[in-house]
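Please read it alongside the sequence and the structure shown here.

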Amino acid sequence: MTLRITIDDLTGPDIAALLQQHVDDMRAISPPDSKHALDLNGLRQPDITLWTAHDDHQLVGCAALKHLDPTTAEIKSMRTATTAQRRGVATTLLHHLITQARHRHYTDLYLETGTADYFAPARALYQRFGFHTCPPFADYQPDPHSTHMHLTL
């Protein structure tokens, strides 16, 4: 699969549907006070850049970087379309995010993901890229339903 990754303006129906599915899944899996997935409006912030991955003309995934400070960013809204799972989309997007973070001169990259079994593939992917668990960062609080991870760039 050859993916085309571009910055998305968050106005198309395909990205709206993928992000709504993401938010709906997180609401179904995570307790309300442990849901940190951003909807379209949450992602339409000047400190967030969202990229989409397309295989031919089909949207197969998305991922975002949130600027926290001049040396630190957070990964947000990593999502692979259900029809494209297990085809390397998340790996390609994560590689792209790390490259972009380095290009932006960040030295630290963080993320928050869940502790439920549903999130095990995501945690394994992040660990393969060198992320390690860490204490909560930014505005996150300790939460038994959240895993916080860090990568020194």
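## Buried residues and a helix pair

Ser 30 is in contact (heavy atoms within 4.5 Å) with Lys 35 and Phe 119, once neighbours within four places in sequence are left aside. The model is a predicted one, in which local features need pLDDT of at least 70, side-chain atom pairs count only at pLDDT 80 or more, and totals for chains, interfaces and linings use all residues. Residues are numbered from 1 along each chain as its sequence is written, and side-chain values use heavy atoms, with hydrogens and water left out.

Ser 30 belongs to the loop between helix 1 (13-29) and helix 2 (40-43). Helices (H or I, at least four residues) and strands (E, at least two) are DSSP runs numbered from the N terminus.

| Residue | Relative accessible area |
|---|---|
| Ser 30 | 13% |
| Thr 80 | 14% |
| Asp 143 | 15% |

Asp 143 is placed in the loop between strand 6 (132-133) and strand 7 (146-152). Not counting residues up to four places away in sequence, Asp 143 touches Asp 33, Ser 34 and His 36. From Ser 34, Asp 143 is 109 residues apart in sequence, yet the C-alpha atoms are 7.2 Å apart in space.

Thr 80 is part of strand 4 (residues 72-80). Apart from neighbours within four places in sequence, Thr 80 is in contact with Val 60, Gly 61, Gln 85, Val 89 and Ala 90. Val 89 is also among the buried residues of helix 3, together with Leu 93, Leu 94, His 96, Leu 97, Ile 98 and Ala 101.

How do helix 3 and helix 4 meet? The axes (lines fitted to C-alpha atoms over the stretch in contact, with angles from 0 to 180 degrees between N-to-C directions) of helix 3 (residues 89-103) and helix 4 (residues 120-128) come within 11 Å and cross at roughly 45°. Helix 3 is therefore oblique to helix 4, given that angles under 35 degrees count as roughly parallel, over 145 as roughly antiparallel, 65 to 115 as roughly perpendicular and the rest as oblique. On the helix 3 side, Ala 90, Thr 91 and Leu 94 meet Leu 125, Tyr 126 and Arg 128 of helix 4. After helix 3 comes His 105, with a positive phi near 70°.

Terms used:
Buried < 20%, exposed > 50% of the residue type's maximum accessible area, 1.4 Å probe, protein only.
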